[in-house]
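User: Hey, I'm new to this one. Can you walk me through a bit of it?

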Amino acid sequence: MSSSPSLPARGSRLAALVVGLCWLAVLFDGLDMFIYGSVLPHMLASKALGITPDQAGDLGSYATFGMLVGALTAGTVADRIGRKKLMIACVTLFSLASGVCALSGSVTVFGLGRTLAGVGLGGLLPTAISMVTDYARGGRGALTIGALMTAHHAGGILSAYVAKWLVEPVGWRSAFWVCVLPLFFAPVLAKALPESLSFLVAKGRTEEARALAERYETELPGAPGTKSAADRWDALLALFRGGEWLQTLLYWLASFGGLLLVYGVATWLPTLMRGEGYNLGSALTFVVLFNLGGIVGMLVAGRASDAFGAPRVSAIWFALTAAGVFLLSVHMPLGVTYLVVFLTGVFLNSAQAMIYATVSVRSTPDNRATAVGWTSGMGRFGAVFGPWLGGQLLAANKGDWGFTAFALAGVSSTVFIGVAALRSARRPERSGAPRELLTTG
C-alpha cells in the first residue's frame, strides 16, 4: 500500500462520507416516523378520511408494528443480500409507502401505507448502525453511533416544520408527499455507499473487504463464528436458567414501558398539547423542543452511564421522564412548558438506551447479543401499544388522562429497572462490556 501522505486525509473523508450518507438516511427515517404525529391534530380537526381518535391510535400502532417486523427481520435479510442493499430497499419502501398514504382515499389504505412504511423504518436503523460501526475511526464507535442517532431526532424536528409550513395552507397530503422525496436519495446510496465490511468477510469476499478496509483506514473484522440453531436456542434459554428468569422479565417489562413512552408520546404529543389549549403552531414547536432534547440526551447519556453506572442512571432517567410527562398535563406558563418539554425529551429519548446498556453490562460476552436483542424485541410490543392507548383515551373523551397514563409507564419502568439493578448490585459487571450509546429502537 502506498505511503502517500494524502492517504490518511482521503481515508478520513471517505469514512465521513459513509457516516454522512447513513446520517441522511436516518434523518429521512425520523421524518417519516414523526410526520404522522405532526399532522395528526389537523387530520382529526378536519376529519380527514373520516378518521376518529380510536382509529388514529390504531394507525399509529400499525407503523410501530411494521417497525417490529422490520427490526426483527433486518438481520436475516441483511445477512442474505448485504447491508447496503437493505438500506436502499428500506429507504425505497418507506418513501413509496408515504406515497400510498398521500394518495389514500380511505383509512384502510392509509393504514396499509403506514404499516409498510414501518417495515422500512424498522429495518433501516439497525442496518445503518451496523454500517457506521464498520467504518468508524478507531476508538470512536460510541461517538459515531451517538452522532448517527441525532439524525432520527433531527428528522422529528423537520417533520414539525413540514407540518407547520404545508399542512394548514395546502393540506395533510402534502406532508406525506414530502416524505416521498427520499426516494431520490436511494440512487445516491447505490452509487456512493460501500458495502459493509462485516458482510463481505462473512460472505468470504475477503479481498474486496481488505481493499475497502485499506481505503478507509480501518481494521478488517474477523470472520464471525457460526452458530447452529441449537446454539441460538441455548443462548435464549440461558436467560431463564436459575434465578435469571426474574431478572430477564424485569428488563423486558422495563423495555416495554420505555418504548410505550417513546412512541406514545411521539405520536400524541402535538394532539395532547393542543387538547391542553395550545394552538397548532405552539403544539408543533413542542415537537421541535422535544426532539432537540432528544439530540442532547443521546449525546450525554453514554457519558452519564459511564460515570454513574447504566442501571442507576436508567432508573433516575425514567423517574425524571415520568415527572416531566406528568407536568405536561398541568397548564403552566408557556416558557415553563417549553422548558419541561425540552427536558422531558432529554431524559425520555435516552432512558430506553440505558436499559440496553444495563442488559449489555450484566450479560456474558457470548450471550450479550441475545439478551439485548430480546429485550429490544419485547419492548417493541410497548411501541405498538403506546399509540393505541393514546387513541383509546381520546376516543373515550379522556384525553386529559393521556399524559398521566404515559407518566405511569415511566414510573413502572423506573420500578422494574430499579429492582433489576438492586438484584444485580452484588454482581460485578461483565468484562468486555461495550461502553457505547445504544439505539432506542
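This is a predicted model: local features need pLDDT of at least 70, side-chain atom pairs count only at pLDDT 80 or more; totals for chains, interfaces and linings use all residues.

User: How many aromatic pairs does a search of the whole structure find?

Analyst: Eleven aromatic pairs turn up; rings of Phe, Tyr and Trp (its six-membered ring) pair if their centres lie within 6.5 Å, and planes under 30 degrees apart count as stacked, over 60 as edge-to-face and the rest as tilted. Take Phe-110 and Trp-172: ring centres 5.7 Å apart and planes at 75°, so they are edge-to-face.

User: Is Phe-110 buried or exposed?

Analyst: Phe-110 is buried, with a relative accessible area of 0% (buried means under 20%, exposed over 50%, partly exposed in between, with a 1.4 Å probe and protein chains only). Trp-172 counts as buried too, at 8%.

User: And which residues form one aromatic cluster?

Analyst: Tyr-36, Phe-110, Trp-172 and Phe-176.

User: New topic: how do the axes of H13 and H14 cross?

Analyst: Helices H13 (residues 310–327) and H14 (residues 334–361) have axes that come within 8 Å and cross at roughly 150°. Helices here are DSSP runs (H or I, at least four residues), numbered from the N terminus. Axes are lines fitted to C-alpha atoms over the stretch in contact, with angles from 0 to 180 degrees between N-to-C directions.

User: So what does that make them to each other?

Analyst: Roughly antiparallel, since angles over 145 degrees count as that, under 35 as roughly parallel, 65 to 115 as roughly perpendicular and the rest as oblique.

Technical notes. Residues are numbered from 1 along each chain as its sequence is written. Side-chain values use heavy atoms; hydrogens and water are left out. Helices (H or I, at least four residues) and strands (E, at least two) are DSSP runs, numbered from the N terminus.
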